[in-house]
Amino acid sequence: MTARVLIVDDIAANVRLLQAKLEAEYYETLTAPNGRIAIEMAIEDQPDIILLDVMMPEIDGYEVCRQLKEHAETRHIPIILITALDGREDRLSGLEAGADDFLTKPVDDVVLMARLRALVRLKQMVDDLRARESSSRRAGLTDQAVYDRQISATGNVLILDDNARQAERLMMQLGEDHRCAYETDPEKALKIAAGRVDLVVLNLTAKAFDALRWVAHLRTHEATRQRPVLAIINADERKVMLKALELGVNDVVPRPVDMLELRARARTQIKRKRYGDFLRNTLDRSLELAITDPLTHLNNRRFLDHHLNLAMARHNRGAAEDVVSVLMLDIDHFKRVNDTYGHDAGDEVIREFARRLSLNVRAIDMPCRFGGEEFVVLMPGTDQADALHIAERVRSQVADTPFALADGHLLDVTVSVGVATSRGVGDSPESLLKRADEGVYEAKQSGRNRVIVRAAA
Ligand code: GH3
Ligand code: MG
């Protein structure tokens, strides 16, 4: 798994050193000698990760970080700040500025690579979601205000620790920013983590249970796979730390826990999760819009095509009970409704027609708006006799009760229906729909308000 890394440092020797290390691991590198150029390059070149030195003339690393995180085009790019050893204040300022991680000088190669791998994985997930989001953004669906509210919100934090006293201390500190709960029983914690939890703070030094195994469990279950985990480790247990990162722990804090650092890291993790949630939500919404007709809330033609293809492929594989029928329905003399009562009245009739159609087909049937005043019902596992029966029921439910318009008019509406049933091997969705359409045509020709079956030729 490779990625493009932008290295930002004003000292050329530092740049070359990092560049050599990264290229040896097959990362692609870009370099910038100062903050101003780094920001330009981040916007222009869209690197996957930014390695940013704190100490630089003009604009320092914090300010670069802040600006990158404010910019819509760069805020999704993970930033690793490189600070001086023991630069506790540096690290806190960096995390406050929105940095995703930090490393201390001299940079430990193994730690650098482990952090890079973790961030590249995350970046790929975010990219994937962003690509889909951009199509909904074009459709005007995402709302910056909603986004800002979501990512700045406080979160639900679950603390798992066998040491109740430490857990209470963590609760008090994290409780300033978030809603917290703690658990000492790993089994119970797994169950809670499947619920509305934004972050798990895990004591990896716990003696009463195997914390690494617990992480492995969390990562194998669908409901908890995505939960961010912030682990508390012993500073000198480097192997455990690497194992934890490898298993999917998102971040670590060494003991004794610096509470300010913990709070800052928790905030970063929760923000990141909110961002993912936000992208997923807009994605679901745009998906729904893509297959729904806005006037009737029935599914649209795209949805029909997809499911008709699936249903016919199933029937073509040979099982007789997988037979498929379709109804094609076209409202009679609909143009007259528009011409006489106006287009809005026409819309009302279409909506009421859709409502009656939905009420009179079965749960397994899929009523869709095919276009204008034309509808198709896809009926999986339905033979011709049943399809005919349902078509007749719909026809009479439309014809027998007048449509009441909002302005008080009562309209007599009728519909012509064509019915077609799949023949198995050799039959296609196009040809099935064509036969149903021919049925509609014949119904219109022979006086409308009737159902015509197009039997297999
Ligand atoms: P027929 O019985 O032969 O089907 O006659 P018809 O008048 O129903 O058929 P025609 O195809 O001549 O006219 C359909 C009309 O439906 C034309 C179009 O303007 C109107 N229409 C299509 N979509 C909508 C819509 O969403 N709202 C409204 N109000 N009218 C629509
Ligand atoms: Mg019509």
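I began with the make-up of the shell around ligand 1, whose residues divide into eight charged, five polar and three nonpolar. Since this is a predicted model, I take every distance below as a computed value.

I then looked up which residues lie around ligand 1: there are 16 of them, and those that come nearest are H333, F334, D347, R369 and K444.

For the polar contacts I found that a polar backbone atom of H333 is 2.7 Å from an oxygen atom of ligand 1, and that an oxygen atom of the ligand also lies 2.8 Å from a backbone N or O atom of K335. With D347 the side chain takes part, one of its N or O atoms being 2.7 Å from a nitrogen atom of ligand 1. I also noted the area: ligand 1 taken alone exposes 660 Å², of which the protein buries 67%.

Next I asked which elements give two or more residues to the shell around ligand 1. They are strand 11 (324-331), helix 13 (334-341) and helix 14 (343-360), and helix 14 supplies the largest share, four residues.

In one of the pairs, the side chains of K444 and D332 meet at 2.8 Å, N to O. This pair links distant parts of the chain, with K444 in helix 16 (residues 429-445) and D332 in the loop between strand 11 and helix 13, 112 residues apart. I checked burial on both sides: K444 counts as buried because its relative accessibility of 16% is under the 20% cut-off, and D332 is buried as well, with a relative accessible area of 6%. K444 is also among the residues that come nearest to ligand 1.

In another pair, K69 and D100 form a salt bridge through their side chains at 2.9 Å, N to O. Here K69 lies in helix 3 (residues 61-70) and D100 in the loop between helix 4 (88-96) and strand 5 (101-104), so that the pair links distant parts of the chain, 31 residues apart. Both residues, K69 and D100, are buried.

I also looked up K21 and D109, whose side chains meet in a salt bridge of 2.8 Å, N to O. Because K21 lies in helix 1 (residues 12-24) and D109 in helix 5 (residues 109-138), the pair ties together parts that are 88 residues apart in sequence. D109 is partly exposed, with a relative accessible area of 37%.

Last, I recorded a network of salt bridges that links E96, E176, D177, R263 and R267.

Conventions. Residues are numbered from 1 along each chain as its sequence is written. Chains are lettered from A and ligands numbered from 1 in the order in which they are written. This is a predicted model: local features need pLDDT of at least 70, side-chain atom pairs count only at pLDDT 80 or more; totals for chains, interfaces and linings use all residues. Side-chain values use heavy atoms; hydrogens and water are left out. A residue is near a molecule or strand if one of its heavy atoms lies within 4 Å of it. A polar contact is a pair of N or O atoms within 3.5 Å; within protein, one must be able to donate a hydrogen and the other to accept it, and residues adjacent in sequence count only if both atoms are side-chain atoms. Accessible areas come from the Shrake-Rupley method with a 1.4 Å probe; for residues, only the protein chains shown count as cover. Ala, Val, Leu, Ile, Met, Phe, Trp, Tyr, Cys and Pro count as nonpolar, Asp, Glu, Lys and Arg as charged, and the others, Gly among them, as polar. A salt bridge is a side-chain nitrogen of Lys or Arg within 4 Å of a carboxyl oxygen of Asp or Glu. Buried means under 20% relative accessible area, exposed over 50%, partly exposed in between (1.4 Å probe, protein chains only).
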